Amino acid sequence: WTSFSIMSGATEKSSTTTKTPADFLKSIRGRPVVVKLNSGVDYRGILACLDGYMNIAMEQTEEYVNGQLKNKYGDAFIRGNNVLYISTSKRTLGDGA
């Protein structure tokens with residue numbers, strides 16, 4: 001019981017002062033992102049929207065395999081259970097990097 005009350009107290013304090021993952025995801029809509037899949041493939045493009053299951057819709061999407069550009073798509077939909085992580089991209093799209 002003691003460890004539970006300590007943990008719940010810490011959670012209450014941190015929830016008011018830290019940014020949640022949901023806040024991060026809302027803040028990056030419309031921005032360039034890199035989506036890494038469990039298979040190791042990267043998709044780079046503009047994050048159009050995502051839902052609670054981490055299903056992702058992207059625009060101006062580029063597919064990279066082993067760091068090499070393989071395909072370009074206008075719009076792409078990625079099922080959430082394939083996503084390893086989402087990261088903001090500091091690179092501009094189409095620069096080949």
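**Notebook: a salt-bridge network and a nonpolar core**

I began at D42, which is buried, with a relative accessible area of 14%. For burial I used these cut-offs: buried is under 20% relative accessible area, exposed is over 50%, and partly exposed lies in between, with a 1.4 Å probe and protein chains only. The model is predicted, so I kept local features to pLDDT of at least 70 and side-chain atom pairs to pLDDT 80 or more, while totals for chains, interfaces and linings use all residues. Residues are numbered from 1 along each chain as its sequence is written, and side-chain values use heavy atoms, without hydrogens and water.

**Salt bridges**

Which residues does D42 pair with? I found K36 meeting D42 side chain to side chain in a salt bridge, at 3.4 Å from N to O. I also found a salt bridge from D42 to R44, with the closest N and O atoms 4.0 Å apart. My criterion was a side-chain nitrogen of Lys or Arg within 4 Å of a carboxyl oxygen of Asp or Glu.

Is K36 buried or partly exposed? K36 is partly exposed, at a relative accessible area of 21%. R44 is buried, and so is D42. I noted that K36, D42 and R44 are linked in a network of salt bridges. My search of the whole structure gave two salt bridges.

**Chain layout**

Next I looked up the fold elements. The protein chain has two helices and five strands. From the N terminus on, I read them as α-α-β-β-β-β-β. Both kinds are DSSP runs, numbered from the N terminus: helices are H or I with at least four residues, strands are E with at least two.

**Nonpolar core**

How many residues does the largest nonpolar core have? I got 13, and V33, V35, I56, M58, I78, V83 and I86 have the most contacts inside it. Strand 1 (32–37), strand 2 (42–50), strand 3 (56–65) and strand 5 (83–88) each supply at least two residues of this core. Strand 1 gives the largest share, three residues. Such a core is a set of buried Ala, Val, Leu, Ile, Met, Phe, Trp, Tyr and Cys residues joined through side-chain atoms within 4.5 Å. In soluble globular proteins, nonpolar side chains tend to be buried together.

I then followed I86. Leaving aside neighbours within four places in sequence, I86 is in contact (heavy atoms within 4.5 Å) with residues including F24, L25, I28, V33, V35, L50 and I56.

**Whole chain**

Buried residues make up 28% of the 97 residues in the protein chain.
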